[in-house]
Amino acid sequence: MKSNEIKFKLLGYFKKKSRPSVTIIQDSRIDEGFQQQKSNSSCPSLNSSSEHKIGNIENGILKDFLYCLPVELGCAILSLCDQQSLLTCHQVSKYWNVLCRDNIVWKQLYLNNLGDIYHSTLNLDYKSLYRRKAQLLQRWKNGTPIQLQTIIGHSDSIYCVQFDTTKIVTGSRDRTIKFWNPNTNKCIRTLSGHDASVLCLQYDQSILVSGSSDHTLLVWSLKTFTILYCLRGHTSGVLDVCFNDKLIISCSKDATIRIWDRSKGQLIKVLVGHRGPVNAIQLIDQQLVSASGDTFIKLWDIETGACLRDFLGHAYGLACIRFDGKKIVSGSNDNKIKVWNAGKICFIYIYYVSFNSLFILDTGECILTCEGHTGLVRSLHFDKDKIVSGSYDQSIRVWNIHTGECIKTFSKCHTSWVFDVMFDETKIISTSQDQKILIMDFAYGIDTKNLIKS
C-alpha cells in the first residue's frame, strides 16, 4: 500500500472531534514474545458505548488495528504521517501514545520530510530535532523572525561574497579581499594584490581564486595566504571564476572564456562563441554554463570545447547564472529570473548507407519565469526548494523554485544596488554598492546542532 493511502486511512481513525477513553484489556507493557488472551479477542476491546472507532468490528468487538500489528510495523506506519497528524495520534490511546513518542518514529519522520541529519549520535532526541528544523523552515517561509547584522569594513563597493560556517570572504572595489569571523563579524585578514577592483572570487579548502578589473586572476594559497600564480590572458576585466580539482575557468568582458590548468597555472584553451561580455559561469562535472550580455546562455563541454546548446529567452543581457547539473537559473537586465531544464545530452550514432548521423536529444526549455524585481537581477543562488536573488532595485527576494511564487521580499535592505547574494540552511548574506555586508540570520535563537553541515 502506498504511503498516501496509508495516511488517508489513518486520518479516518484519528481526525474526529470526540476522543472518549479507551479501555485496554491487555497489559499496556509490550512483550512481542508472549501474548496472553484475556478476552474473546486477541486485540483490546473498546467501550461499546463509544462512538469513536479506532479499528474494525469483528464478532461485535472493536479492534485497535495498530495494536494487532508488530511494533516495528506500527512505528513504520506512524512515521508516514506528518507532524500534526502524529501529534494527534498521541491522543488516541495509551498504546498509540507510546508508539508516537518512539524516537525511531521521529527519526524516520525527519528523514521523510526534512532531509539529512548531520553528525547523528545514539542519544539524539529526534522529536526535538524535528521541531527545531520545522521552526527554521517556518522562518524561511514567513521571513520572520530573523536577526539582521551589518558588517562594515571595506572602503568601497563590495562586488562578491562566499561564506561557510567558519568564515565570510568578500572582494571589493577597494582592491582588497577580506576574511571575516562570522561569530564576531570582525575582519581577521586582508589580502592585497590586485591593481583594480576585485570583481569575483571562489575558494575551496586549499586555494582562493580572484578575478579583477586589472584583467588578471590571482591564485592564493589558503595555508600561507600568498599568491601562487597570476593568470594573464584576458584583455578586459575578469567578471566571474569557477574551478574544480583540475581546472580553473574564467570569463571576461572581452567575450571569452578561458580554461587554465590549476596545478601549473597554464592556459589550456579559449572558448569563443558569445558576442558580448560573459558575465557569469558555473561548472558542474564536465559541463559549463555561461551567461552573456548578448542575451544568450550557452552550455559547453569543457573537454572538447564544443558548445552543446544555446538557451534564448531573456529580452536583455544576462547578469548572473547558477547550474546544478539539471537546472539552470538565470537573472537578467529584463528584471526576470528564468529556470531552464538543462536536459541530458545524448549522442546517438545511426549507421545508414555509408555514413553515421548524429542526433542530439534534449529538452532545454524554459520551465519557469519569476517576475517581481523592478531592476536588473544582479545575483542569485538556489537549492532544491528556493531561489534567493539580489537586484539593482535594492531588494532581496526569496522564490519558490517549483511554482515561481515570490515567498518573501526584503525591500530596501541595502541603500544601493545589491551586487552579490549567497545563502545556506540558516542565513542569507548579501553585498552591495553601499559598502555593507548584510547578514540575515534565520536560525537566531535556534540550536542548529545536527541540523546543518559544519
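Leaving aside its neighbours within four places in sequence, which residues is Asp424 in contact with? Select Asp424 and show what surrounds it. With those neighbours set aside, the contacts are Trp140 and Phe163. Keep in mind throughout that this is a predicted model.

**Stop 1: Asp424**

Stay on Asp424. It sits in the loop between E30 and strand E31 (427–432). Asp424 is buried, yet it has no salt bridge. Lys427 has the nearest side chain of opposite charge, 4.2 Å away.

Now display the backbone of the following residues. The Asp424 side chain reaches the backbone nitrogen of Thr426 at 2.9 Å. It also reaches the backbone nitrogen of Lys427, again at 2.9 Å.

**Stop 2: Arg132**

Next, select Arg132. Look for it in helix H6 (residues 126–142). What is the nearest side chain of opposite charge to Arg132, and how far away is it? It is that of Asp447, 4.0 Å away. Arg132 is buried and has no salt bridge.

Turn to the backbone of Asp447. Its backbone oxygen lies 2.5 Å from a polar atom of the Arg132 side chain. Then widen the selection. Leaving aside neighbours within four places in sequence, Arg132 is in contact with Ile446, Asp447, Thr448, Lys449 and Leu451.

**Stop 3: salt bridges**

Side chains of opposite charge can pair when their charged atoms come close. The count for this model comes to six salt bridges.

- Select Asp310 and Lys298. Asp310 counts as partly exposed, at 39% relative accessibility. Lys298 counts as buried, at 9%.
- Select Asp164 and Lys167. Asp164 is partly exposed, with a relative accessible area of 25%. Lys167 is buried, with a relative accessible area of 18%.
- Select Asp385 and Lys384. Asp385 is partly exposed, at 37% relative accessible area. Lys384 is exposed, at 64%.

**Stop 4: Ser252**

Move to Ser252, in strand E13 (residues 247–252). Is Ser252 buried or exposed? It is buried, with a relative accessible area of 0%.

Show its surroundings. Leaving aside neighbours within four places in sequence, Ser252 is in contact with His234, Ser236, Gly237, Val238, Leu239, Pro277 and Val278. Pick out Ser236 from that list: the Ser252 side chain reaches the backbone oxygen of Ser236 at 3.3 Å. Then pick Gly237. The C-alpha atoms of Ser252 and Gly237 are separated by 5.6 Å, while the two residues are 15 residues apart along the chain.

**Stop 5: positive phi**

Check two backbone torsions next. Select Ala255, in the loop between E13 and strand E14 (256–261). Its phi is positive, about 75 degrees, although Ala255 is not a glycine. Ala255 is buried, with a relative accessible area of 16%.

Now select Lys412. It is in the loop between strand E29 (406–410) and strand E30 (418–423). What is the phi of Lys412? It is positive, about 50 degrees, although Lys412 is not a glycine. Lys412 counts as exposed, at 58% relative accessibility.

**Stop 6: a nonpolar patch**

Switch to a surface view and select Leu267, Val270 and Val272. Together they make a nonpolar surface patch of about 250 Å². Zoom in on Val270, which lies in strand E15 (residues 267–272). Val270 is partly exposed, with a relative accessible area of 34%. Patch residues need over 30% relative accessible area, so Val270 passes that cut-off.

Note on methods
Residues are numbered from 1 along each chain as its sequence is written. This is a predicted model: local features need pLDDT of at least 70, side-chain atom pairs count only at pLDDT 80 or more; totals for chains, interfaces and linings use all residues. Side-chain values use heavy atoms; hydrogens and water are left out. Patches are made of residues with over 30% relative accessible area and no salt bridge: like charges are joined within 9 Å, nonpolar side chains (Val, Leu, Ile, Met, Phe, Trp, Tyr) within 5 Å. Accessible areas come from the Shrake-Rupley method with a 1.4 Å probe; for residues, only the protein chains shown count as cover. Helices (H or I, at least four residues) and strands (E, at least two) are DSSP runs, numbered from the N terminus. Buried means under 20% relative accessible area, exposed over 50%, partly exposed in between (1.4 Å probe, protein chains only). Lys and Arg count as positive and Asp and Glu as negative; His and the chain ends are not counted. A polar contact is a pair of N or O atoms within 3.5 Å; within protein, one must be able to donate a hydrogen and the other to accept it, and residues adjacent in sequence count only if both atoms are side-chain atoms. Contact means heavy atoms within 4.5 Å.
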